[in-house]
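Hi,

Here is the model I said I'd pass on. Have a look, and then read my notes below.

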Amino acid sequence: MNTKSLRGFSLIGCMAAALAATGIAGAQDRTTLQAVTDPSFVPFEMRDQETGEMVGFDMDILAEVAERAGFDYELETMDFQGIIPALQTGNKDIAIAGITITEEREQVVDFTDPYYDSGLRLLVNADDDSIQTVEDLDGKSVGTKTGSTSHDYLRNQLSGDVTIEPYPGSSDMYQALLGGAVDAVFYDAPNVGYFAQTKGEGQVKTVGPLYEGQQYGLALVEGSEWVDDANEALASMKEDGTYDEIYKKWFGELPDSE
């Protein structure tokens with residue numbers, strides 16, 4: 001083999017090595033965010049009993065936002081009441097768990113644009129016609145989730161003889177209702193509605209109006225550089241129909257626009 005050929009192979013080898021190094025550097029440059037969710041907010045986030053993986057509407061939204069915004073993430077779970085403090089301390093970078101955007105929370109974390117419109121609703125036993133609104137809870141007990149906006153609403157709005165029973169997980173408060181420990185459950189409308197159609201079918205029913213129109217957002221550590229990128233990702237998902245596909249997968253047809 002002549003010298004010119006050797007130089008040619010050497011040049012090709014150097015170019016290949018440079019390209020490989022560029023690819024490795026690009027992969028290493030992609031930021032990995034520490035993400036957190038609450039494993040009990042069905043069908044937004046729940047653990048697949050067969051695979052052990054977290055699945056649900058929020059999990060699909062997070063995966064798509066991360067892909068479009070350009071970051072990777074490592075996901076952990078914790079009780080809902082610990083999520084905002086975890087972002088405040090910087091132990092976590094981003095959270096998605098059906099987190100309602102509120103002025104109080106906006107003082108300590110950053111939110112993306114809303115990705116889901118929700119509200120609060122009552123759930124009662126299927127044969128109970130005595131409770132139709134929160135005003136009918138006088139003299140009764142109502143279960144809700146610790147640290148949630150539904151818990152705050154009950155404490156701030158209810159008067160009279162009402163016993164409020166906070167539970168750490170949504171499954172706990174539903175079991176309390178089925179077991180007779182409480183007379184009603186007051187929580188996020190999509191969650192109580194999903195339970196009434198699945199595990200609670202024939203045993204419980206949703207009643208009354210939708211209280212406190214709410215919007216969910218992804219929460220990030222205050223000052224996060226990823227807010228704008230996440231917002232752009234959400235906007236593009238809605239524009240190209242990806243958001244609609246994810247919504248229909250978990251909730252059926254989207255509600256009519258007002």
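First, the ground rules. This is a predicted model, where local features need pLDDT of at least 70, side-chain atom pairs count only at pLDDT 80 or more, and totals for chains, interfaces and linings use all residues. Residues are numbered from 1 along each chain as its sequence is written, and side-chain values use heavy atoms, with hydrogens and water left out.

The chain has nine helices and 12 strands (DSSP runs, H or I of at least four residues for helices, E of at least two for strands, numbered from the N terminus). Of its 258 residues, 42% are buried (under 20% relative accessible area, 1.4 Å probe, protein chains only).

Now helix α2, residues 57–69: at 1.5 Å a residue its 13 residues should span 18 Å, and the end C-alpha atoms are 18 Å apart, so the two agree (the expected span is 1.5 Å times one less than the number of residues). Buried residues in α2 include Phe57, Ile61, Leu62 and Val65. Gly70 follows α2, with a positive phi near 95°.

What does α2 meet in α9? Phe57, Asp60, Ile61, Glu64 and Arg68 of α2 meet Thr242, Tyr243, Ile246, Tyr247, Lys249, Trp250 and Phe251 of α9 (contact means heavy atoms within 4.5 Å). The axes of α2 and α9 (residues 242–251) come within 9 Å and cross at roughly 160° (lines fitted to C-alpha atoms over the stretch in contact, with angles from 0 to 180 degrees between N-to-C directions). The two helices are therefore roughly antiparallel (over 145 degrees).

Cheers

Note on methods. Buried means under 20% relative accessible area, exposed over 50%, partly exposed in between (1.4 Å probe, protein chains only). Angles under 35 degrees count as roughly parallel, over 145 as roughly antiparallel, 65 to 115 as roughly perpendicular and the rest as oblique.
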